[in-house]
Amino acid sequence: MHLGDLTVYHDGRFVRYDDAKVGLLTHGLQYGTGCFEGVRGFWNAREEELYLLQLSDHYDRLAQSARILMMNLPLSTRELCDVTVEICARNKFRSDVYVRPFSYKANEDIGVRLHDVKDAFAMVAIPFERYFDAQRGLKVGVSSWRRIDDTMAPARGKITGTYVNSALAKSDAILSGFDEAIMLSQEGHVCEGSAENVFLVRGGVLYTPDPSQNILEGVTRRAIMTLAKEELGLQVVERAIDRSELVIADEIFITGSAAGVQWIESVDHRPVGDGTRGPIATALIDLYDRAVRGSLPKYESWLTRTYAGRVAAAS
Ligand code: PMP
């Protein structure tokens with residue numbers, strides 16, 4: 001499918017991607033004053049259904065990011081969920097998808113600020129397979145770039161401009177021969193990847209940085225904590241994590257809407273555990289995959305159907 005022919009949502013209308021334009025001086029482009037989400041949809045071939053994952057969690061977070069940027073979203077969480085279903089249905093997707101809703105400051109003038117600038121909203125959805133190669137573990141390196149601190153720019157908002165931080169760390173990691181970066185906080189605690197939260201297993205307990213560690217409070221992070229507790233009976237501890245714990249952990253994996261659950265093979269050239277995929281990561285990867293494709297009835301509330309839902313709404 002050609003990108004230009006996709007149906008997108010822009011300024012309240014469904015239009016072709018090629019017909020949705022922004023001006024060169026747009027504030028969101030010049031100053032990074034925008035916020036966005038990354039939502040996944042998973043194709044279930046047997047049911048011929050596209051399951052959209054945790055829509056309301058994403059739109060609640062988008063509303064929080066918008067609030068931080070003094071923006072008003074034009075639609076409620078409920079309405080945004082409906083637009084997401086509509087976009088996917090209009091594009092007749094029959095594959096996994098990635099949906100990118102975003103709001104941005106739309107004035108075309110000079111002068112960085114948040115107030116007295118009009119807002120605009122758009123949503124694009126594209127077919128999307130894997131962010132990382134699922135077959136192998138990732139080699140990660142601790143980045144010399146520290147994660148933004150909440151005193152500098154809001155870390156728990158998903159804010160366009162702050163992704164310079166992620167881009168610096170990611171490119172530095174890739175160009176140094178790693179697959180992904182792990183950033184530390186200003187205090188030197190383990191924070192997260194360029195677009196993923198981090199989990200460690202030590203002695204059968206699952207650890208992840210708590211929300212005071214300048215992390216993005218990930219939707220996948222929350223889902224994995226739930227699956228770990230409910231399905232595997234694991235103790236899940238949210239606390240500050242030190243760099244050396246990465247080296248001695250039995251298992252490490254990262255989570256994100258784009259990345260899914262991805263196990264880490266080595267950190268700073270040292271194998272994690274015995275360098276193979278550990279049992280807890282293996283179990284969680286499998287549980288997550290089944291939950292997101294509609295095979296775990298207990299987690300049906302995480303999913304919104306694209307096609308069946310639309311038929312039901314129309315009848
Ligand atoms: N941290 C950052 C910086 C991210 O960009 C993402 C991706 N949204 C995550 C963590 C993971 O969040 P989620 O599970 O909500 O996608």
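Colleague: How far is a nitrogen atom of the ligand from an N or O atom in the side chain of Glu-192?

Modeller: That distance is 3.2 Å. I'd call it a polar contact, meaning a pair of N or O atoms within 3.5 Å; within protein, one must be able to donate a hydrogen and the other to accept it, and residues adjacent in sequence count only if both atoms are side-chain atoms. Bear in mind that this is a predicted model, where local features need pLDDT of at least 70 and side-chain atom pairs count only at pLDDT 80 or more, while totals for chains, interfaces and linings use all residues. Residues are numbered from 1 along each chain as its sequence is written, and side-chain values use heavy atoms, with hydrogens and water left out.

Colleague: OK, and which atoms of the ligand do Arg-61 and Thr-220 reach?

Modeller: Oxygen, in both cases. A polar side-chain atom of Arg-61 sits 2.8 Å from a ligand oxygen, and for Thr-220 the distance from a side-chain N or O atom to an oxygen of the ligand is 2.6 Å. The protein covers 97% of the 390 Å² of accessible area that the ligand has on its own (Shrake-Rupley method, 1.4 Å probe; for residues, only the protein chains shown count as cover).

Colleague: How many residues surround the ligand?

Modeller: 16, with Tyr-163, Val-219 and Ser-257 among the closest. The cut-off is a heavy atom within 4 Å of the molecule. The shell splits into four nonpolar, seven polar and five charged residues. Here Ala, Val, Leu, Ile, Met, Phe, Trp, Tyr, Cys and Pro count as nonpolar, Asp, Glu, Lys and Arg as charged, and the others, Gly among them, as polar.

Colleague: Which elements each supply at least two residues of that shell?

Modeller: α5 (219-232) and β14 (251-256). Those are DSSP runs numbered from the N terminus: helices are H or I with at least four residues, strands are E with at least two.

Colleague: Switching to the sheet. What does β14 pair with?

Modeller: β15, in the antiparallel sense over four bridges; strands pair if DSSP finds at least two bridges between them. A hairpin of three residues connects β14 to β15, and Gly-256 has Gly-260 as its bridge partner.

Colleague: And what's on β15 otherwise, say around Ser-266?

Modeller: Ser-266 is the bridge partner of Lys-139 and also stands opposite Pro-271 in β16. β8 (residues 138-142) runs parallel to β15 with three bridges, while β16 (residues 270-271) runs antiparallel to β15 with two. In the hairpin of β15 and β16, Asp-268 takes a positive phi near 50°.

Colleague: Why do you say β15 is largely enclosed?

Modeller: Because seven of its eight residues, 260-267, are buried. Buried is under 20% relative accessible area, exposed is over 50%, and partly exposed is in between (1.4 Å probe, protein chains only).

Colleague: Last topic, aromatics. How many pairs are there?

Modeller: Nine, counting rings of Phe, Tyr and Trp (its six-membered ring) with centres within 6.5 Å; planes under 30 degrees apart are stacked, over 60 edge-to-face and the rest tilted. One of them is Tyr-131 with Phe-132, edge-to-face at 5.0 Å centre to centre and 80° between the planes. Tyr-131 is partly exposed at 37% relative accessible area, whereas Phe-132 is buried at 8%.

Colleague: What about Phe-199 and Phe-253?

Modeller: Stacked, with 5.2 Å between centres and 10° between planes. That pair links distant parts of the chain, 54 residues apart: Phe-199 is in β11 (residues 197-202) and Phe-253 in β14. Both Phe-199 and Phe-253 are buried.
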